[in-house]
Structure formats: C-alpha cells, structure tokens
Amino acid sequence: MFERSDDQRPSYMMWLGWRAGKIGFIRDYRYVGHVVADAELVLGCTSETGTGGRS
C-alpha cells in the first residue's frame with residue numbers, strides 16, 4: 001500500500017488471497033515495518049485489465 005501516489009516504495013503490504021473470484025483471505029502487514037524493509041519490490045501488471053502493481 002502506498003501512502004502517496006508518488007512514493008517509490010510502499011509504506012506497508014497486504015496479502016490478499018482469492019477464492020472463486022472473491023477475496024477469501026486478508027493479511028495486513030501495516031504494523032510490521034520489517035516486512036516491507038526486507039521485501040524485494042517488483043511492480044508490474046497483475047491482472048487481465050492491465051491494472052495492478054500499485055494499491
């Protein structure tokens with residue numbers, strides 16, 4: 001999740017799991033900053049609509 005649209009790195013991450021076209025799992029890493037600090041960030045399109053990579 002990006003705090004501002006011009007941020008280069010996300011402030012925190014969320015893990016979303018999909019089941020039958022709906023969100024079936026959410027894990028929010030907002031308050032565990034070391035997860036983002038240790039993550040390797042790769043931005044790119046992740047859906048058929050061409051959107052994704054930034055939340």
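## Starting at the surface

Does E3 count as buried or exposed, at 52% relative accessibility? E3 counts as exposed, because its 52% lies over the 50% cut-off. That residue is a handy way into this structure, which is a predicted model.

## The overall layout

The protein chain holds one helix and two strands. Read from the N terminus, the order of these elements is β-β-α. Strand β1 covers residues 14-19 and strand β2 covers residues 22-28, while helix α1 takes in residues 33-37.

How much of the chain is tucked away? Of its 55 residues, 13% count as buried. The accessible surface of the chain comes to about 4,700 Å², and carbon and sulfur atoms own 52% of that area. Looking at contacts between residues at least 6 apart in sequence, 31% join residues that are at least 24 apart.

The mean pLDDT of the protein chain is 78, and 76% of the residues reach 70 or more. Among the elements, confidence is highest in β2, with a mean of 93, and lowest in helix α1, with a mean of 80.

Keep an eye on residues 49-55, where pLDDT stays under 50. The model does give this stretch 16 contacts beyond four places in sequence. Still, where pLDDT is low, the predicted coordinates should not be read in detail.

## Salt bridges

The salt bridges number three. One of them brings together the side chains of R30 and E3, at 4.0 Å from N to O. This pair links distant parts of the chain, since R30 sits in the loop between β2 and α1 and E3 in the segment before β1, 27 residues apart. R30 is partly exposed, with a relative accessible area of 38%, whereas E3 counts as exposed.

R4 takes part in the other salt bridges. Its partner D6 has its closest atom 3.4 Å away, N to O, and its partner D7 meets R4 at 3.2 Å, N to O. Through shared partners, R4, D6 and D7 are joined into one network.

## An aromatic pair between the strands

How many aromatic pairs are there? The count comes to one, and the partners are W15 and F25. Their ring centres are 5.0 Å apart and their planes meet at 70°, so the pair is edge-to-face; the cut-off for that label is over 60 degrees.

W15 belongs to strand β1 and F25 to strand β2, so the pair ties together parts that are ten residues apart in sequence.

## A nonpolar patch

Which residues form the nonpolar patch on the surface? They are M14, L16, W18, I23 and I26, and together they have about 500 Å² of accessible area. The elements giving two or more residues to this patch are β1 and β2, and β1 gives the most, with three residues.

W18 is placed in strand β1, and at 58% relative accessibility it counts as exposed.

Where does A20 lie? A20 is found in the loop between β1 and β2. Its phi is near 55°, a positive value in a residue other than glycine. A20 counts as exposed, because its relative accessibility of 77% is over the 50% cut-off.

Notes. Residues numbered from 1 in each chain as written. Heavy atoms only, no water. Patch = residues over 30% accessible without salt bridge, like charges linked within 9 Å, V, L, I, M, F, W, Y side chains within 5 Å. Areas by Shrake-Rupley, 256 points an atom, 1.4 Å probe, with all protein chains shown as cover. Helix = DSSP H or I, 4+ residues; strand = E, 2+ residues; numbered from the N terminus. Buried < 20%, exposed > 50% of the residue type's maximum accessible area, 1.4 Å probe, protein only. Phe/Tyr/Trp six-rings, centres within 6.5 Å; stacked < 30°, edge-to-face > 60°. pLDDT = per-residue confidence, 0-100. Contact = heavy atoms within 4.5 Å.
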